[in-house]
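Trainee: I have a model open and would like to learn how to read its features. Can we go through them together?

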Amino acid sequence: MSDSVVVDLEPAAVFAAIADLTRYSEWLEVHVGWRSEVPEPGELAVGDELTSVVRINRTKVRFEWTVAVVDPTSALEFTGISGPKLFRVTARLRFTVVPEGVGSRVGLAIVLSGPPLSGPLGRMAAASVDDDVAQSLGRFAAVFSA
C-alpha cells in the first residue's frame with residue numbers, strides 16, 4: 001500500500017513536516033494518537049521507541065514503534081508490532097522525499113502483516129489502508145502547501 005504526491009515544498013521542509021510527530025493527527029489518516037512522549041521536531045533518531053494507536057479498517061490498534069531510518073535527505077521509517085504473539089500484527093510505515101521540479105514528491109508506504117490480516121478480513125483491512133494512504137497524502141499536501 002503505497003502512493004505519492006507532489007507538493008510545492010523543498011525536500012528539507014517536507015522532511016521537517018513528516019518528522020514532526022506532533023502534527024500527525026492533522027494529516028496521517030491512520031494515526032489516532034500517541035501514547036508515549038514523542039521527540040521534539042528535529043530530535044528523532046534511529047532506535048527511538050514510541051507507542052501509538054492507529055486505526056485499521058475502523059479498528060483501533062496499539063502499536064509499539066521503533067524508528068528504523070532517519071535520513072533527512074530522503075526517508076523516515078518506523079517498524080511496529082502489535083498484539084500477543086499468536087495475533088501479532090507487524091507494520092512498516094515509510095515516508096520518502098524526492099526532489100521534483102520546484103517541489104518534492106512525498107511517498108507513503110504502509111505494509112502490514114500477521115495472522116489477523118489473512119483471509120477476507122485481511123483483504124478488507126488492506127483495502128482500507130490503501131484508501132488511508134491516498135487520503136493522508138492529500139491531507140499532507142493541503143496542510144503543508146497552504
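Trainee: Which strand gives the most to the lining of the largest cavity?

Mentor: Keep in mind that this is a predicted model. Strand 3 gives the most to that lining, with three residues. Strand 2, strand 3, strand 4, strand 6 and strand 7 (103-113) each supply at least two.

Trainee: How many cavities of 30 Å³ or more does a search of the whole structure find?

Mentor: One. The volume of the largest cavity is about 150 Å³.

Trainee: Which residues lie nearest the centre of the largest cavity?

Mentor: Leu28, Val30, Val54, Trp65 and Leu93. They belong to a lining of 16 residues. By class, 14 of the lining residues are nonpolar, two are polar and none is charged.

Trainee: Now strand 3 itself. How many of its eight residues are buried?

Mentor: Take the cut-off first: buried means under 20% relative accessible area. In strand 3 (residues 49-56), six of the eight residues are buried, so the strand is largely enclosed by the rest of the structure.

Trainee: What are the pairing partners of strand 3, and in which sense do they run?

Mentor: There are two to look at here. Strand 2 (residues 31-34) pairs with strand 3 in the antiparallel sense, over three bridges.

Trainee: How many residues lie between strand 3 and strand 4 in the hairpin?

Mentor: Two. Check the backbone angles in that turn. Asparagine 57 is not a glycine, yet its phi is positive, about 50°. Arginine 58 is not a glycine either, and has a positive phi of about 70°. Both sit in the loop between strand 3 and strand 4.

Trainee: Is arginine 58 buried or exposed?

Mentor: Exposed, at 73% relative accessibility. Asparagine 57 is partly exposed, with a relative accessible area of 22%.

Trainee: Let me try the largest pocket. Which residues line it?

Mentor: Asparagine 57 turns up again. The lining is Ile56, Asn57, Thr59, Val61, Val89, Pro116, Leu117, Leu121 and Ala125. Strand 4 (59-71) and helix 3 (119-144) are the elements that give two or more residues to it. The pocket holds about 180 Å³ of space. Seven of its lining residues are nonpolar, two are polar and none is charged.

Trainee: What describes a pair of aromatic rings?

Mentor: The distance of the centres and the angle of the planes. In this structure the count comes to eight aromatic pairs. Take tryptophan 27 and phenylalanine 95: 5.7 Å centre to centre, 65° between the planes, and edge-to-face. The pair links distant parts of the chain, with tryptophan 27 in helix 2 (residues 24-27) and phenylalanine 95 in strand 6 (residues 89-100), 68 residues apart. Both residues are buried.

Trainee: Why is the pair of tryptophan 65 and phenylalanine 78 edge-to-face?

Mentor: The cut-off for edge-to-face is over 60 degrees between the planes. The planes of tryptophan 65 and phenylalanine 78 stand at 75°, with the ring centres 6.3 Å apart, so the pair is edge-to-face. Tryptophan 65 lies in strand 4 and phenylalanine 78 in strand 5 (residues 75-82), so the pair ties together parts 13 residues apart in sequence. Tryptophan 65 is buried, with a relative accessible area of 7%. Phenylalanine 78 is buried too, at 1%.

Trainee: Which residues do ring pairs link into a cluster?

Mentor: Tyr24, Trp27, Trp34, Phe95, Phe140 and Phe144.

Trainee: Last, the whole fold. How many helices and strands are there in the protein?

Mentor: Three helices and seven strands. From the N terminus on, they run β-α-α-β-β-β-β-β-β-α. The radius of gyration is 15 Å, close to the 15 Å from the globule rule for 146 residues, so the protein is as compact as a globular protein of that length. Along the principal axes, the C-alpha atoms fill a box of roughly 45 × 30 × 20 Å. Of the 146 residues, 40% are buried.

Notes: Residues numbered from 1 in each chain as written. Predicted model: local features only at pLDDT ≥ 70, side-chain atom pairs only at ≥ 80, totals over all residues. Heavy atoms only, no water. 1 Å grid on protein atoms, 1.4 Å probe; cavity = no way out; pocket = protein on both sides within 12 Å on 5 of 7 lines; lining within 4 Å. Points joined across faces, edges and corners; volume = space filled by probe spheres on them. Helix = DSSP H or I, 4+ residues; strand = E, 2+ residues; numbered from the N terminus. Nonpolar A, V, L, I, M, F, W, Y, C, P; charged D, E, K, R; others polar. Buried < 20%, exposed > 50% of the residue type's maximum accessible area, 1.4 Å probe, protein only. Pairing = 2+ DSSP bridges. Phe/Tyr/Trp six-rings, centres within 6.5 Å; stacked < 30°, edge-to-face > 60°. Rg over C-alpha atoms; globule rule 2.2 N^0.38 Å.
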